[in-house]
Amino acid sequence: MNFFKRYKLDSVLLPLIGVGAFLILWLAIAGRVETRKTLDEFGDPVTKTVKTGLSPDLPSPAETWKASKPYLAEPFAKRGELDQGILAFTILSLSLVMQGYLIALAIGTPLGFFLGLSKTFTKAMDPIIQVLRPVSPLAWFPLGLVLFSSVKFIDGGGKTVFGASDAAALFTIAVCSMWPAVMNTAVGVRAVPTDYLNVAKVLKLSRGKTLFKVLLPATLPYMFTGFRLSLGIAWLVIVAVEMLTGRPGVGGFLWQEYNAGSYSRIILCILTIGIVGLVLDRLMSVVESRFKTA
Amino acid sequence: MIDIKAMPPPRVRRNYLELRQLNKTYHSPKGSAVIVNDFNLDIAEGEFVTLIGHSGCGKSTVLSMVAGLTSASAGGMVLAGREIAGPGPDRGVVFQSPSLLPWMTARENVMLGVSQVFYTASAAERLQLAEYYLTVVGLADSMNKRPAELSQGMRQRVGIARAFALSPKMLLLDEPFGMLDSLTRFELQAVLLELWKRQRITALMVTHDVDEALYLSDRIVCMTDGPEAEVGDIVPVPFERPRDRVAVMEHPEYYKLRERLIEFLEVHAHKKRRVSFPAGKATNTEAAA
Ligand SMILES: Nc1ncnc2c1ncn2[C@@H]1O[C@H](COP(=O)(O)OP(=O)(O)OP(=O)(O)O)[C@@H](O)[C@H]1O
Ligand SMILES: [Mg+2]
C-alpha cells in the first residue's frame, strides 16, 4: 500500500508538478494579445491589438495547441512538400537520419576496432579525431557540398533523385554522429579482459575466430552504448541539415514556419524532436541492455 | 624414503617437460627486474608436480612461460621433445579465475576448445566429448547455463573440463582453487584427482596451500623468493595412489613433509642460495631419477 502510494508520488505526481511548473513559466513569459481602444491623431477611435509580455512574440501554450492541432489531428496528411502532418515529417527526417547513421556505424565500428587493437594506429589517428570530433554540423555541411559537388543521379524524367545536397546531408550526419561509436568501440576493445584473450591464445583460435567468438562479443556492450549515443547525435544534427538543405522534415518545417512567422509550430517541432529523440534513446537502451548480460 | 609406487612407471619419458636455465627479466625505463633466474626443472610423463612459494616470487611467471603466454627472456623449454614456442592447445591451462566466456553456455565454452583441437571429428562426436567431460566434473545438469548462472565452484569445474577436454600433453593450473571456500576446494581437488587418474596427464600446478600440494602431487617444487627466484627444494610425496584425503593426512610421513615445506617457506625461501636439508638433499636430478 505504502509502496503503491510512493510509486504514484514518484512516477506520476512529481513529473506532473514539473510539467505544470514549466507550463506556468511558459505562460508567464509568453506574449499576451491586448486590444486597446485609442484615439488616432485625428481623434477618431481605433482598436489596436498589441502584444505585451516578457517575450511578446512567444505564443502561449493555448495558441501553440490551436495552431498545432491540424498537424496532430492528421499526422500523416500531405498537403504539400512543406505542409505535411507531423508524423509524415518525422518519418521523412527519421529515414534520412537512419541512412546517415548506418553509414556512421559502417565506418565507425571498424575504425573503433582498429583503434582499440593497434596502439600505433591510435597514435597516428588521435590528433585527427580529436580535432574533427567537436566540429559542428553547420561547418561540415558546406564541406560536404564541395566534396560531393559532382554527385548527381537523375531519374527517367530528368529529375535529380540524389544530388550533391543529399550526399552532403548524409555526409554531415555520418561524420557528426560517428564519434561515440568509434570511441566506445575502441574503449571496449581495449577493455576486453586479458583472460579472454589468453583463452583465445591457448586454444590457438584463428584471427577470424578470435574476432567473432571473443573480441566482438566482449565488446558488444560498449559498442551499443556508443551506438545509442551516436543515434542521439544523428537526430540532433538532422535539424541543422534540414534547415540548410530545405528538405521536408521536422527541421525543414521548423525553419519554414519560422520564416513564415508561425511561431507556434516551431514549438510543435521542438517538442516533436524532443519526444522522438527520447523514444529513440529508450529503444536503443532496451537493445543495449540485452547485451549487458555479458 | 621414496615410495616406488608414487613414481611414474619406468617406460614413461622422464624428461617430458624440461625447463633449462629459464630466465624472465622485465625491462622498464627505471631498470630491469630479474623475476626468475636459472630455473631448472624436469617433469616426467604422467607426473603431477606442484609449485609453491611466497606470493610474488614468480610462480605464475614460470607457469605462464610454459603456457607460452609470456615469453622467456632466456633459457629453454622442451615439452615431449619439442621446443615450446608460443601458446597452444597441447597445454591445457586452468586459470585462477575460471575465465569462461560469459556469453557462452558451459557446453559452448568447452566446445570452443574441443572444436579447435578435434576439428576432424564429427560435430556429434565433439559434442559427446564436451558433454562427457562436463558430466565427469559433475555438471551434467548445468551444461546449458551461462557462467553468470553458475557458482564460482561450478565455473571452475567448467574450466577444468575445458582443459581436460583438449586431451593436452600437459595441464597447467595456476592456483585453480585459490578463490574457493575450503569445502568447495576439497570437492574440486577430488574432481581434479579423479580426472587426472583417468588420463594421467602430466600436470604442473601452482598453489599456496601446502595441504593441497601434499594431497595432489608426486613432487612439490619450492621456489625461493624473488627477485631472481629459482628452485629451492624439491620434495617427493610418497603417498600411494589412489589417494584418500583422510588416509593421506593420517600417514606418518604427512606431518614431517608438511613441516619441511613450511620450514622452507618460513626460513629458507628467503635465502638466495639453494638449501640442503638434513633429511637428504633433494635436487632436480635426484627427484627425477
Ligand atoms: N608485466 C610485468 N612487468 C613487470 N613486473 C612484473 C610483470 N608481471 C609480473 N611482474 C612481477 O613479477 C613478480 C612475480 O609475479 P608472479 O605473478 O609470477 O608471482 P606469483 O608467484 O604468481 O605470485 P602470487 O602467488 O601472488 O600469484 C612480481 O614481483 C611482479 O611484480
Ligand atoms: Mg600467481
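## Two helices of chain A

Helix axes are here lines fitted to C-alpha atoms over the stretch in contact, with angles running from 0 to 180 degrees between N-to-C directions. In this predicted model, helix 3 (residues 86–117) of chain A packs against helix 4 (residues 119–132) of chain A at an angle of about 125°, and the two axes lie 6 Å apart. Helix 3 of chain A is therefore oblique to helix 4 of chain A.

From helix 3 of chain A, the residues that make this contact are Leu111(A), Phe114(A), Leu115(A) and Leu117(A), and they meet Lys119(A), Phe121(A), Thr122(A), Met125(A) and Ile129(A) of helix 4 of chain A. Sorted by class, the residues in the contact of helix 3 of chain A with helix 4 of chain A comprise 7 nonpolar, 1 polar and 1 charged.

Which residues lie around ligand 1? The shell is drawn from chain B and consists of Tyr26(B), Ile35(B), His54(B), Ser55(B), Gly56(B), Cys57(B), Gly58(B), Lys59(B), Ser60(B), Thr61(B), Glu175(B) and His208(B). By class, the shell around ligand 1 holds 3 nonpolar, 7 polar and 2 charged residues. Helix 1 (residues 59–67) of chain B gives the most to this shell, contributing 3 residues.

An N or O atom in the side chain of Ser55(B) is 2.6 Å from an oxygen atom of ligand 1, while a polar backbone atom of Gly56(B) is 2.7 Å from an oxygen atom of the ligand. On Tyr26(B), a polar side-chain atom lies 3.3 Å from a nitrogen atom of ligand 1. Taken alone, ligand 1 exposes 640 Å², of which the protein buries 56%.

## Backbone features in loops of chain B

Arg241(B) and Pro242(B) are joined by a cis peptide bond, for which omega is about -5°. Pro242(B) sits in the loop between strand 10 (231–236) and helix 7 (245–250) of chain B.

Another loop of chain B, the one between strand 6 (91–94) and helix 2 (106–117), contains Ser99(B). The phi angle of Ser99(B) is near 45°, a positive value in a residue other than glycine.

Notes:
Residues are numbered from 1 along each chain as its sequence is written. Chains are lettered from A and ligands numbered from 1 in the order in which they are written. This is a predicted model: local features need pLDDT of at least 70, side-chain atom pairs count only at pLDDT 80 or more; totals for chains, interfaces and linings use all residues. Side-chain values use heavy atoms; hydrogens and water are left out. A residue is near a molecule or strand if one of its heavy atoms lies within 4 Å of it. A polar contact is a pair of N or O atoms within 3.5 Å; within protein, one must be able to donate a hydrogen and the other to accept it, and residues adjacent in sequence count only if both atoms are side-chain atoms. Accessible areas come from the Shrake-Rupley method with a 1.4 Å probe; for residues, only the protein chains shown count as cover. Helices (H or I, at least four residues) and strands (E, at least two) are DSSP runs, numbered from the N terminus. Ala, Val, Leu, Ile, Met, Phe, Trp, Tyr, Cys and Pro count as nonpolar, Asp, Glu, Lys and Arg as charged, and the others, Gly among them, as polar. Angles under 35 degrees count as roughly parallel, over 145 as roughly antiparallel, 65 to 115 as roughly perpendicular and the rest as oblique. Contact means heavy atoms within 4.5 Å.
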